[in-house]
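Subject: Structure handover

Hello,

Here is the structure I promised to pass on. Please open it first, then read my notes below.

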Amino acid sequence: MHRERPARQSNVTKRRADARGRVRKGAVAEAGGPAGWPALFMSSTVTGEIARHLGVAHYSYHFAAAKFARLLTRHFSAPRMLAMPEYYAGRDAMPEAPAGAWTHLIFRSTAEIRLLKPARNIACFAWEFPVLKTETLPGEHPFLNQAAMLNLCDEVWVASRFAETVLRAHGVARTHVVPAPIEPPAVPGRAEALRALADLPVTPLQVNFAWPEGLQDERAEAAILSLRAGLRALGGRPTIFLAILNPEDARKNLDALVRGFHAHRLAFPDSVLLLKLLRGGDGVTLGRVAGSIMRARLAGGSAMHDTGILLCHAYLDEAEMAALYGLADFFVSASVAEGQNLPLLEAMAAGCVAVSTGGTAMEDYLDESCAVRIGARVAMNDDPGLAGLVAGRNFAVARAGGPEVAAALATARGLSARTRAGMAAAGRARVAACFGEDAVRALVAARLGTGTAMAAA
Amino acid sequence: MRRRFWLEIGPLREGQYTGISQVTAGLAGAMLGDATLDGTPLDGTTLNGAGRARGFFFGRAAVPARVVETALTRGEGEWLEFWLARAEPVAPALAADETAIAIFPNVKTCRRGFAVETQIVHDLSALLTPQFHMPETVRFHASAMAADIASNDLTFCVSEATRQDVLRYLAPPEPGRVRCVYPGPGLAGAVAAPDAPVEPYVLVLGTIEPRKNISVILEFLAAQPHVLTALRFVFLGRHGWGEAPATLLARHGLAAAAEAGRIMFPGYVAAAARDALLARARLMIYPSLFEGFGLPVLEALALGTPVLTTRSSSLMEVGGTVATYFDPFMPGDFGRGLAEALRETPGARTARAAWAAGFSWTRCWRDMLAAIEALPAGEG
């Protein structure tokens, strides 16, 4: 096979440097804005360079925070990012901050919630499991009690009706649905998208459970080629399915996704799965992510090698992400649970047809008009990696297997061009109605207005 | 019924008295100096009119007052540790005609072993800022703090900031039983005037650890090295954890300045020497990112020395209007604060000392005593 190495590895370094610059600019935005709205503050689990944090615990809070920050800046006031809200014991600790009411939006896991004492505190909490930890056992860290930590806040914003129901059932009464806004990406045409991403380093799925870890990574590294070369090797105009996930996130059901797609390719050899893997950390290379890290999340077996499953790992900026969506025909998600599923929503806003499991957050916005549903069977969870287990109780999940994924992919491939276009349009409209700037702005205004009235009273 | 106030003196075993051990020493000193407390032996029958007595204990051993006095005079815990190793394991005598009131100056060594239990909470730093602590410290405090507080009849917080943290994050069943009592300065004694002029220097006081945030100073000095020609910077305190002084200096490109003696890390020095250095300093900087109180700030002010510190947590309660503040999260603000703090105005030294005089161990003990005695009948 002809392999073409990516032209300039330094492009990735440049992208990261650009990303760092943007994060810093965002971090110094000052609170304050039009009269009538409270001064806004935000704190997030991840501060600094997001590219290094991709895939580490709670990294997705960063993306939700960034989306809210843009919306708030446009329509309310520019939020000021706080690295340590606990630093400020009173208003005099921040003499330069505006007078009037303060509101602090917290994008953190429950254990990391820190109040800005002089402000109205709002936890923006992502949760996708039917149980919540509501007790503190003797000798246990008190901050592990999720319900208690959420109830420290004046209110809680969640992204789905599912989460709202779960939290209220567990004693977190002041819960409201205010999801992160989704901006439609400026998607280029397919040809332009391919040009933009031609040099993106990818490596085909190639795992062998008999190889030692080092050899596994070396093989994945040695097989790296450019996206253009990877697609060219398949010939013709492949149908591209896109998935974006952290391979170590147990919710993503990676094994079913990969095995289902591998099986799908027997009948549809011109299908390609472009799998963008989110995994940060120092010294984490594409070879390692696509090699041993990926293999660790796949169920055993002997080996799997599929040139139609292309793995990439590079940090992509907004324009490149839009190009990625422009390249894809479908977005596929086999998750067992999602708090909102931002990549899926962005893909739908970009015109990709969703091929996805339902349930949890997806129940709010996926139906047959805009998505091909992946069937799932409800059973008690047997995956020790799911974060819901912090509640200390087991719970049921709806989990798709490889065959269900393969069946849904085949259904997707069987859609007529007209049906597909109709579903893409319906998906765009659904995202705009539920998560568009106007929709979320109205929800935020209603909540902030309530808070202002409370503070004035 | 007389009341005996039992102070748990475990923290006094520490090799060097800083922070919690300094608070314990201050409180023990105030109790020893309180003429209204009867200090007769446990079986003593003479009592003052107030019906109050004092006692000291560690573990199951009652510790005589003279032993505590010696430990305070020595200012370190090695001797006390040696004494305790040979002590008879006598449980604090809980006489039938006494109400035993325990005062735990740190984590409680028992719960509901006394008729009345009180505890001093310094801060929730291990819970709120775990990034500044070793994991075992976080585990130690996290496992005990909420249960300790729930078992207290009274919880004393060393600042209003800490009190608010306790109320907000740990939600004790009776918020009215969580009180703020300010500690006093832990100065060793009178500081003699310098016998000769000293070269101007800035003192940075505190254990070298990430929470104390000395990097903000080193970053400034790396960017503005000319400052070092006029002022020597002395970082006084032992290395706790995190980057060692040599590593910090190398990382900021200041190894040569240290080599030339313009930046110094002398480590821990005894209390009297520290006080003398503090009194002669042109300025004391305390750049901490989170505190329960901030004793070095108070001690510097008590000696009339100008203070530059942050507005973090409790520090504005300690520094009031006589300290200068900077925002460690705002680039460049340290430089502004330094310039402002170095501009001395007439009468400022006296004003600082007068402000600090509002904090004392006598007042701290008096406030604690009043709160305990105000407990409903049958408790205090």
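Start with Phe5(B) and Trp365(B): both are buried, where buried means under 20% relative accessible area, exposed over 50% and partly exposed in between, with a 1.4 Å probe and protein chains only.

Two notes on the source. This is a predicted model, where local features need pLDDT of at least 70, side-chain atom pairs count only at pLDDT 80 or more, and totals for chains, interfaces and linings use all residues. Residues are numbered from 1 along each chain as its sequence is written, chains are lettered from A and ligands numbered from 1 in the order in which they are written, and side-chain values use heavy atoms, with hydrogens and water left out.

Aromatic pairs

Rings of Phe, Tyr and Trp (its six-membered ring) pair if their centres lie within 6.5 Å; planes under 30 degrees apart count as stacked, over 60 as edge-to-face and the rest as tilted. That rule gives 25 aromatic pairs over all chains. In one of them, the ring centres of Phe5(B) and Trp365(B) are 5.6 Å apart and the planes stand at 90°, so this pair is edge-to-face. Phe5(B) is in strand β1 (residues 2–8) of chain B and Trp365(B) in helix α16 (residues 361–373) of chain B, 360 residues apart. Helices (H or I, at least four residues) and strands (E, at least two) are DSSP runs, numbered from the N terminus.

Tyr182(B) and Phe359(B) also pair edge-to-face, at 5.3 Å centre to centre and 70° between the planes. Tyr182(B) lies in the loop between β7 (178–180) and β8 (201–205) of chain B, and Phe359(B) in the loop between α15 (348–356) and α16 of chain B, so the pair ties together parts 177 residues apart in sequence. Tyr182(B) is partly exposed, at 25% relative accessible area. Phe359(B) is buried, at 9%.

In chain A, Phe125(A), Trp127(A), Phe129(A) and Phe395(A) form one aromatic cluster.

The sheet in chain A

An open sheet of 8 strands runs β8-β7-β11-β10-β9-β12-β13-β14 in chain A, with mixed pairing. Two strands pair if DSSP finds at least two bridges between them. The edge strands, β8 (225–226) and β14 (371–373) of chain A, each pair on one side only. Strands β7 (residues 201–208) and β11 (residues 303–312) of chain A run antiparallel, joined by 7 bridges. There, Pro204(A) stands opposite Leu310(A) in β11(A).

Chain B overall

Chain B has 16 helices and 13 strands. Of its 380 residues, 54% count as buried.

Best wishes
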